[in-house]
Structure formats: C-alpha cells, structure tokens
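Grab a pencil and have a go at these exercises before you peek at the solutions. Each one walks through a bit of the structure step by step.

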Amino acid sequence: MINIEQIKDKLQNRKLSTVGRHTFFSVLVPFVEIDGEIHILYEIRSQVIPTQPGEVCFPGGAIEPGETAREAAIRETCEEIGIPPRCIEIFAEGDRLITQANFTMYSFMATIPRAAYENVKLNEAEVDQVFTVPLEWFMHNDPEVHIVDLKQFNRADFPFEKAHISPDYKWRSSNAEVPIYNYEDKAIWGLTARITRNMIQILKGEKK
C-alpha cells in the first residue's frame, strides 16, 4: 500500500505539464524599420501546405522536444524565411494564447534588420511570400470582431450509462472572438489577428 511519503515523493518538485492531449506552438512577431517607419512582418502560407493554406500568419510552428518556446520561434523563422538567428533580437514575450483546439500559442516580439527582410529566403514548401504592414496602420484601424460558437456534440459510441448521465446531457459550450484586419488585399484574421490585436491594445494603453 502506498504511503503519504511516497505520494509526496511522486508529486513534489516534478515538472508540471498539462492534462490531456495538448500541444504547444510558438511564433515570432518581427518588427522591421523601413524608411524610418516601423512595420510588422507577416507570411502568407503556401497553397500546398496541409494546414491553413494561403492564410496570413507569423513565422512559427510547433515546439519540438527539448527546446524552449523562444528557441522554437527563432528556429522556425530561420527555417521558413531564412533569417539567421544572429539577425533576430527578441525584446519581449507576448501574452500566451490558449485555444479551444487543445494547444497553447507563445509569441515573441523581435526586431530584424531591413537588410535581413530584403534578403529573405523562402521555404517554398511552407511560405508563398512575406509582406509588412506599418505599425501605425494598426494604431488607427481596429479589426472587425466576430463571434463564433463552439459546441460539443455527443459521439454515438459514448457510454452514457457508465458515466451515469442522460443521453441528452447538456455539454458545456463556449464562444470565441475572431478579429479580422483587412489591409490592402490581405486578410489578417484568426489567431494571427488575435496576437496582433492584443499587442496593439497594449501599445495603445488599452490593456496593461
């Protein structure tokens, strides 16, 4: 029989994780100065990539085993658009974005030299192009914000009797804000827009 000392030994001073299936991603929010004006760099994902083809995003991806979120953001930026780590100067970490899709998104704000931006080497399997948006444009243009409902549905094979609940059990539902920025012919929306909007709200003093 397990005793309290064994319980303490197992539970104390262990590295905490998350319960259930959960993954972690990290992105870089690159700032680049162009003709004396600060811009934010975005990517457009390849049309042949399996997830979100053709959508606007920040450089980034899944955090690999053994690396930190910061390291992942730098590595992914190098792999996707060829900006070397020596040209990436991270100066702040953004708020973490926890999604209803069982993953957490980290973000890191960084400066990159204009020369590095002008000499990007796109990984064409992942990225079609990059573009920038003046920071000042975001300071004067709020996104449209739409609400989407997120509902849970019963699977036909769920054993209601084992859980001692009725088949008409009311699963908890929620909703989420989906901001959309339209800049020229580009649509910046979803998680990328949420990260952008959160950062702009901080810069405008609307959020601490």
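This is a predicted model: local features need pLDDT of at least 70, side-chain atom pairs count only at pLDDT 80 or more; totals for chains, interfaces and linings use all residues.

**Exercise 1. Decide whether aspartate 35, glutamate 184 and serine 46 are buried or exposed.**

Solution. 
- Step 1: You need the cut-offs: buried is under 20% relative accessible area, and exposed is over 50%.
- Step 2: Aspartate 35 sits in the loop between strand 1 and strand 2. Its relative accessible area is 67%, so it is exposed.
- Step 3: Glutamate 184 is in the loop between strand 10 and strand 11. With 66% relative accessibility, glutamate 184 is exposed as well.
- Step 4: Serine 46 belongs to the loop between strand 2 and strand 3. At 2%, serine 46 is buried. Among the residues that serine 46 touches are Pro53, Glu124 and Asp128.
- Step 5: Most residues other than glycine have a negative phi. Aspartate 35, though, has a positive phi of about 50 degrees, and glutamate 184 has a positive phi of about 50 degrees too. In the hairpin of strand 1 and strand 2, two residues lie between the strands.

**Exercise 2. Work out the strand order of the open sheet with three strands, and find what packs on it.**

Solution. 
- Step 1: The order is 9-10-11, with antiparallel pairing.
- Step 2: Strand 9 (144-150) and strand 11 (186-189) each pair on one side only, which makes them the edge strands.
- Step 3: On average, neighbouring strands here are turned by 30 degrees against each other, direction ignored.
- Step 4: Strand 10 and strand 11 are joined by four bridges; tyrosine 181 has isoleucine 188 in strand 11 as its bridge partner.
- Step 5: Helix 6 packs on this sheet and touches strand 9, strand 10 and strand 11. The direction of helix 6 makes about 80 degrees with that of strand 10.

**Exercise 3. Which element gives the most to the largest nonpolar core, and which gives the most to the lining of the largest pocket?**

Solution. 
- Step 1: The largest nonpolar core has 23 residues, and Val29, Ile40, Tyr42, Phe138 and Ile188 touch the most other members.
- Step 2: Helix 6 gives the most to this core, with four residues.
- Step 3: Zoom in on phenylalanine 138: its contacts include Ile40, Tyr42, Tyr181 and Ile188.
- Step 4: Turn to the largest pocket, which holds about 920 Å³ of space. It is lined by 36 residues, and the closest to its centre are Gln52, Glu55, Phe103, Met105 and Leu191.
- Step 5: Helix 6 gives the most to that lining, with five residues.

Methods: Residues are numbered from 1 along each chain as its sequence is written. Side-chain values use heavy atoms; hydrogens and water are left out. A nonpolar core is a set of buried Ala, Val, Leu, Ile, Met, Phe, Trp, Tyr and Cys residues joined through side-chain atoms within 4.5 Å. Buried means under 20% relative accessible area, exposed over 50%, partly exposed in between (1.4 Å probe, protein chains only). Contact means heavy atoms within 4.5 Å. Two strands pair if DSSP finds at least two bridges between them. Axes are lines fitted to C-alpha atoms, for helices over the stretch in contact, and angles run from 0 to 180 degrees between N-to-C directions. On a 1 Å grid over the protein atoms alone, a cavity is a set of points where a 1.4 Å probe fits but cannot get out, and a pocket is an open set with protein on both sides within 12 Å along at least five of seven lines; lining residues have an atom within 4 Å of a point. Grid points are joined across faces, edges and corners, and a volume is the space filled by probe spheres set on the points. Lists of a residue's contacts leave out its neighbours within four places in sequence.
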